[in-house]
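Please open the model in your viewer and keep the sequence panel beside it. The stops below move through the strands and then on to individual side chains.

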Amino acid sequence: MEIICIQGAAPGRIVATLSHGAKVRQLPMTLVRHPAGGWQVESAGGGFGPRCHAVWTAVLLEASEAFVSEEALEAA
């Protein structure tokens with residue numbers, strides 16, 4: 001998986017363009033600062049992803065779930 005582009009600024013709402021295999025997707029997400037330092041992605045349901053030291057790590061972790069969910073739906 002590769003980050004092609006991140007539009008927007010952290011903390012705040014961003015759109016990440018990522019490629020994985022032959023697929024390219026744009027994923028909107030909200031990046032927030034963790035109180036103990038680092039970054040997290042805030043999910044639409046109000047939960048938070050794992051705390052990461054770098055913005056791109058938080059983006060990749062969130063994107064990996066989106067790509068996995070999509071591949072599972074295609075396989076069904």
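**A tour of the sheet**

Begin by selecting residues 12-20 and residues 23-33, which are strands β2 and β3, paired in the antiparallel sense over 9 bridges. Strands here are DSSP runs (E, at least two residues), numbered from the N terminus, and two of them count as paired if DSSP finds at least two bridges between them. This is a predicted model, in which local features need pLDDT of at least 70 and side-chain atom pairs count only at pLDDT 80 or more, while totals for chains, interfaces and linings use all residues. Residues are numbered from 1 along each chain as its sequence is written, and side-chain values use heavy atoms, with hydrogens and water left out.

Within this pair, select G12, which stands opposite L31 in β3. Then move to the turn: β2 and β3 form a hairpin with 2 residues between them, and G21 in that turn has a positive phi of about 65 degrees.

The hairpin of β3 and β4 has 5 residues between its strands, and G37 in the turn has a positive phi of about 105 degrees.

Now show the whole sheet, which is open, has 4 strands in the order β1-β2-β3-β4, and pairs them in the antiparallel sense. Because β1 (2-8) and β4 stand at the edges with a single partner strand each, one side of each is left without a neighbour in the sheet. On average, neighbouring strands of this sheet are turned by 40 degrees against each other, direction ignored, where the axes are lines fitted to C-alpha atoms and angles run from 0 to 180 degrees between N-to-C directions.

**Side chains to inspect**

Leaving aside neighbours within four places in sequence, T17 is in contact (heavy atoms within 4.5 Å) with E2, I3, I4, C5, V24, R25 and Q26.

Finally, display the cysteines C5 and C52: C5 is partly exposed at 31% relative accessible area, whereas C52 is buried at 6%. The structure holds 0 disulfides, a disulfide being a pair of cysteine sulfur atoms within 2.5 Å.

Notes
Buried means under 20% relative accessible area, exposed over 50%, partly exposed in between (1.4 Å probe, protein chains only).
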